[in-house]
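The exercises below ask you to read a fold from the whole chain down to one residue. Work through each task before turning to its solution.

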Amino acid sequence: MRNLILGGARSGKSALAERMATASGNDVVYIATAQAHDEEMAARIAHHRAQRPKYWHSVEEPLALADTLRTHARPGRCLLVDCLTLWLSNLLGDADAQRFEREREALLSTLPSLPGEVLLVSNEVGLGVVPMGELSRRFVDEAGRLHQALAAHCERVLFVAAGLPLALKGNLP
C-alpha cells in the first residue's frame, strides 16, 4: 500500500504517518530527507530523532530517495519518508541542475513496484499566495506537480489540518 500524506506546517501529518507506521505492525524504516545546514535545523532533526521509537531503523538520505526505497523495501516492512518537500528543496539546490528531473522520474517509476507499505509525507505549499522569488515559485510549482504525480501512484492520499486527517483518495486508516 502506497500512502501520500499532505498537510501544512505543523498540521500533524508526520504524527499521523508515525501512528500509521506503528499500527501497520510491520518493521519500520524511517527515511529522513532533512539536512542540517544551520543550528535551528539541526535542533529540529535532533527533536525528530528523539521522538521516533528506538526500534525503528533510521536512514538519512537527502537526495537519492528512489535508490534508498529500493534498498529497504520488503514485504512486511513499512517505509516512512519524511519529508518530500525537504527532498525537493535539496534537489532544487543541488549543483547538478538536472538531478531533480532524474531523481523525480526515478521515484515515480520505482514507487509502483515497491513491496510492503510506503508512507510519503509532504507539505502542501500551494494553498497560499505565489511567492515572489523565481526559486520559490519553482518550488511551489514542482511540489504541486510532484504531489499530483504521486497521488496517481498511491492507493491512499490523506490531507491533514489541525491534526485531523481527511481522505482525498482511499479510506482513512
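A residue is called buried when its relative accessible area is under 20% and exposed when that area is over 50%, with partly exposed in between. The model shown is predicted.

**Exercise 1.** Describe which elements the protein chain contains and in what order they run.

Solution. Count first: the protein chain holds 6 helices and 7 strands. Then follow them from the N terminus, where the order reads β-α-β-α-β-α-β-α-α-β-α-β-β.

**Exercise 2.** Work out why the radius of gyration of the protein chain agrees with that of a compact globule.

Solution. For 173 residues, a compact globule would have a radius of gyration near 16 Å, and because the protein chain has 15 Å, the two agree. Along the principal axes, the C-alpha trace spans about 45 × 30 × 30 Å. As a further step, consider burial and contacts: 45% of the 173 residues are buried, and of the contacts between residues at least 6 apart in sequence, 74% join residues at least 24 apart.

Key. Residues numbered from 1 in each chain as written. Predicted model: local features only at pLDDT ≥ 70, side-chain atom pairs only at ≥ 80, totals over all residues. Heavy atoms only, no water. Helix = DSSP H or I, 4+ residues; strand = E, 2+ residues; numbered from the N terminus. Rg over C-alpha atoms; globule rule 2.2 N^0.38 Å. Buried < 20%, exposed > 50% of the residue type's maximum accessible area, 1.4 Å probe, protein only. Contact = heavy atoms within 4.5 Å.
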